[in-house]
Amino acid sequence: MPNKRGKVRRVAFLGTSSPSLEGHLVDAFRQKLRDLGHVEGENIAIEYRWAEGRDDRLPALAAELVRSQPDVIVTTGTPGTLAAKAATGTIPIVFASSGNPVESGLVASFARPGGNVTGFTILGPELEGKRLEILKEAVPGLSRVAVIWNSANPPVMSFYQQTQVAAAALGVRLDPVVEVRRVDDLKAAFATITSERPHGLIVLPDRLLLAHRMQIVDFAATTRLPGMYPYREYVSAGGFMSYAPSNVDQFRRTAIYVDKILSGVKPGDLPVENPIKFDLAVNLTTAKALGVDLSPTLLLRADEVIE
């Protein structure tokens with residue numbers, strides 16, 4: 001499909017993690033663009049920058065991409081989107097994943113974002129409570145759970161508060177609660193959790209933590225902690241279980257918004273959308289290694305069982 005300008009359109013992609021860890025998401029994004037008629041090497045070019053799991057690199061990378069004057073910028077996660085928004089008030093920005101973009105100051109409202117930013121959230125109905133509920137169902141007798149979260153990521157505070165409410169309702173104590181604001185904090189966080197000896201682990205949604213999922217999953221395996229994770233990618237890496245919006249689906253929908261913007265639609269007129277596909281993933285190999293005997297009922301509810 002020839003593009004309307006008669007020239008190659010340029011998309012900038014600002015990733016929190018790395019291409020080796022998020023390649024499947026980029027592939028889903030690129031394939032959907034291709035389905036919509038945007039073919040790399042013919043009428044579209046994508047320029048990538050990766051923070052490699054270090055949020056402090058995002059502002060410089062965003063500024064670098066803005067200087068290249070792309071037609072649209074795609075971001076992953078709230079910190080990257082905030083960095084891109086700080087770098088430009090004119091180039092359209094589409095975030096593939098965000099907490100609450102209104103609370104974070106990314107958009108004016110979900111229905112009418114205004115400005116140059118729009119995209120997709122990971123907000124779901126009582127999602128944090130559901131995660132804790134499923135973990136308790138999977139691990140009978142669960143009463144004390146460690147929490148890892150990134151307090152530097154603005155929307156994560158709301159996720160933590162939701163987890164606190166759910167814990168109180170389920171009779172579960174959150175202890176210890178450890179903050180990881182940068183990768184260097186992981187070692188101390190692991191030491192604290194090890195010393196406190198909780199019965200399980202919950203990791204709150206954050207793409208910096210996702211970028212370092214192998215360290216987190218390996219720690220959980222070493223300390224024999226059944227973990228509930230906010231992204232399916234943790235389970236692929238050997239994590240116990242996840243209940244989460246489909247990242248692949250989010251990135252495909254992001255491509256649709258990019259297509260609309262390249263066709264002339266203003267980002268401020270495209271509503272911010274919540275996820276529509278949620279998946280429960282279970283790693284049966286990990287469950288067996290942890291000595292957790294999952295009920296047939298829970299396994300039947302799982303959208304994906306990794307063996």
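## Terms and model

Buried means under 20% relative accessible area, exposed means over 50%, and partly exposed lies in between (1.4 Å probe, protein chains only). This is a predicted model: local features need pLDDT of at least 70, side-chain atom pairs count only at pLDDT 80 or more, and totals for chains, interfaces and linings use all residues. Residues are numbered from 1 along each chain as its sequence is written, and side-chain values use heavy atoms, without hydrogens and water.

## Salt bridges

The structure holds 18 salt bridges (a side-chain nitrogen of Lys or Arg within 4 Å of a carboxyl oxygen of Asp or Glu). Asp27 pairs with Arg30, with closest N and O atoms 3.8 Å apart. Both lie in helix 1 (residues 19-35), three residues apart. Helices here are DSSP runs of H or I, at least four residues; strands are runs of E, at least two; both are numbered from the N terminus. Asp27 is partly exposed at 43%. Arg30, at 35%, is also partly exposed.

Glu128 is buried at 3%, and Arg131 is buried at 2%. Elsewhere, shared partners join Arg10, Glu47, Arg49 and Glu64 into one salt-bridge network.

Seven strands form an open, mixed sheet in the order 7-6-8-9-10-11-12. Pairing requires at least two DSSP bridges between two strands. Strands 7 (173-179) and 12 (304-306) are at the edges, each with a single partner, so one side of each has no neighbour in the sheet.

Strand 10 (residues 241-245) and strand 11 (residues 278-283) pair antiparallel over five bridges. Pro245 stands opposite Phe278.
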